[in-house]
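Let's walk through this model together, one region at a time. Please have the sequence and the 3D view open side by side as you read.

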Amino acid sequence: MYDCEDCIRRLDQLVDKELSPPEVEEIHVHLDECGDCTKRYRFQEGLKRLVKVSYQEQKAPDALRERLRQQLGA
Amino acid sequence: MAEQTVEEQDFGTEAIGNLDALYRGALRLTRDPDKAQDLVQDTYARALRYQHSYQAGTNMKAWLFAIMRNLYWDRFQKANREAVSIDDIGEFALYDQMRDDLGEGPETEVLDRIARGEVVDAIEKLSPLHREVVLLVDVEGFSYKDAATVLGVPIGTVMSRLHRARQQLQKDLFEYAVESGIVPGGLNKRS
Ligand SMILES: [Zn+2]
């Protein structure tokens, strides 16, 4: 059984989908009964998503894309 | 121009499909749009030259990032490659700080009120080694294993850098959240 400390230590890996299926199962057993860890987990997940969308607005300039297309024949 | 084989065409199409990701990566490394464009262009030129060493079906994005990173360090950072140190930022988490200040953990909705530009700024302030791991894992969706390959470090190093980077990020965003009134925390500690 994971306690809060076990759970918090694995939160990075949980949000990054790097835990093995048995570990995921085990951590969810804890999350199901621990509101504080669940909140923490959702927050970390939200932060990761925020980082992703914040950056994905950045696109390569069209001129660069065109040059590379010609260079690569794509 | 010589006729292209189907393989070469597929290679080109798949490579171009990773352009936005590579450009973002180049911007993070160089912090300069012109240099970023040059770096991306050189990366594609090298990729084309070493096309035969790419194994179809493997992670092309990781392969291109590895090429780009090597080019960058060779060209721009040779002198201080070894000099980059990871500063010890100490244990700090936005979540814990807010919980202490607010009496309970922040709702995830707090994140909705943080401007995207602030997030980008906070990531820009990270050290280069921290910044690139956040970019690879959080923005581009690399597995720890692929990130470790690109960065040439053990998986444990990817994990510890990522953890540190996230803590630093939370620290900066917390300061922003307090200053902009998104969370009322920290007031009792001032004046
Ligand atoms: Zn718990």
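This is a predicted model: local features need pLDDT of at least 70, side-chain atom pairs count only at pLDDT 80 or more; totals for chains, interfaces and linings use all residues.

Residues are numbered from 1 along each chain as its sequence is written, chains are lettered from A and ligands numbered from 1 in the order in which they are written, and side-chain values use heavy atoms, with hydrogens and water left out.

Let's start with the metal. The zinc ion has four protein donors, C4(A) through SG, H30(A) through NE2, C34(A) through SG and C37(A) through SG, at 2.0 to 2.4 Å. Donors here are N, O and S atoms within 2.8 Å of the metal (3.2 Å for Na, K and Ca); water is not among the atoms, so sites may look incomplete. Angles among the 4 donor atoms run from 105 to 114 degrees, and the site is tetrahedral. Four donors count as tetrahedral if all angles lie between 85 and 135 degrees. For reference, the ideal angle for four tetrahedral donors is 109.5 degrees.

Along the sequence, the donor residues follow the spacing C-x25-H-x3-C-x2-C. Helices are DSSP runs of H or I with at least four residues, strands are runs of E with at least two, and both are numbered from the N terminus. Is H30(A) buried or exposed? H30(A) is buried, because its relative accessible area is 7%, whereas C4(A) is partly exposed at 36%. Buried means under 20% relative accessible area, exposed over 50%, and partly exposed in between, using a 1.4 Å probe and protein chains only.

Now turn to the partner chain. Chain B has 10 helices and 0 strands, and buried residues make up 50% of its 191 residues. Of the contacts in chain B with a separation of 6 or more, 67% come from residues 24 or more positions apart; contact means heavy atoms within 4.5 Å.

Where the chains meet, 36 residues of chain A are in contact with 49 residues of chain B. Together the two chains bury about 4100 Å², 59% of it on carbon and sulfur atoms. In chain A, F43(A), Y55(A) and L72(A) lose the most area to chain B, together 20% of what that side buries. Buried area is the accessible area (1.4 Å probe) that two parts lose on being put together, summed over both.

What about charges across the interface? Side chains of opposite charge can pair when their charged atoms come close. Between chain A and chain B there are 5 salt bridges, each a side-chain nitrogen of Lys or Arg within 4 Å of a carboxyl oxygen of Asp or Glu. One of them joins K48(A) to D138(B), with the closest N and O atoms 3.0 Å apart. Helix 4 of chain A, where K48(A) is found, gives the most to the side of chain A that touches chain B, with 16 residues. K48(A) counts as buried because its relative accessibility is 17%, and D138(B) is buried as well.

Another bridge pairs R166(B) with D12(A), at 2.7 Å between the closest N and O atoms. This pair crosses between chains, from helix 10 (residues 155-179) of chain B to helix 2 of chain A, and both residues are buried.

Within chain B, R69(B) and E132(B) also form a salt bridge, at 2.7 Å between the closest N and O atoms. This pair links helix 4 (residues 60-75) and helix 8 of chain B, 63 residues apart. R69(B) is buried at 9% relative accessible area, and E132(B) is buried at 7%. Elsewhere, salt bridges that share partners join D12(A), D16(A), K48(A), D138(B) and R166(B) into one network.

Finally, look at V119(B) in helix 7 (residues 116-124) of chain B. V119(B) counts as buried because its relative accessibility is 0%. Leaving aside neighbours within four places in sequence, V119(B) touches residues of both chains, including L50(A), V51(A), S54(A) and L169(B).

Definitions and conventions
Four donors count as tetrahedral if all angles lie between 85 and 135 degrees; four count as square planar and six as octahedral if opposite donors are over 155 degrees apart and all others between 65 and 115; anything else is irregular.
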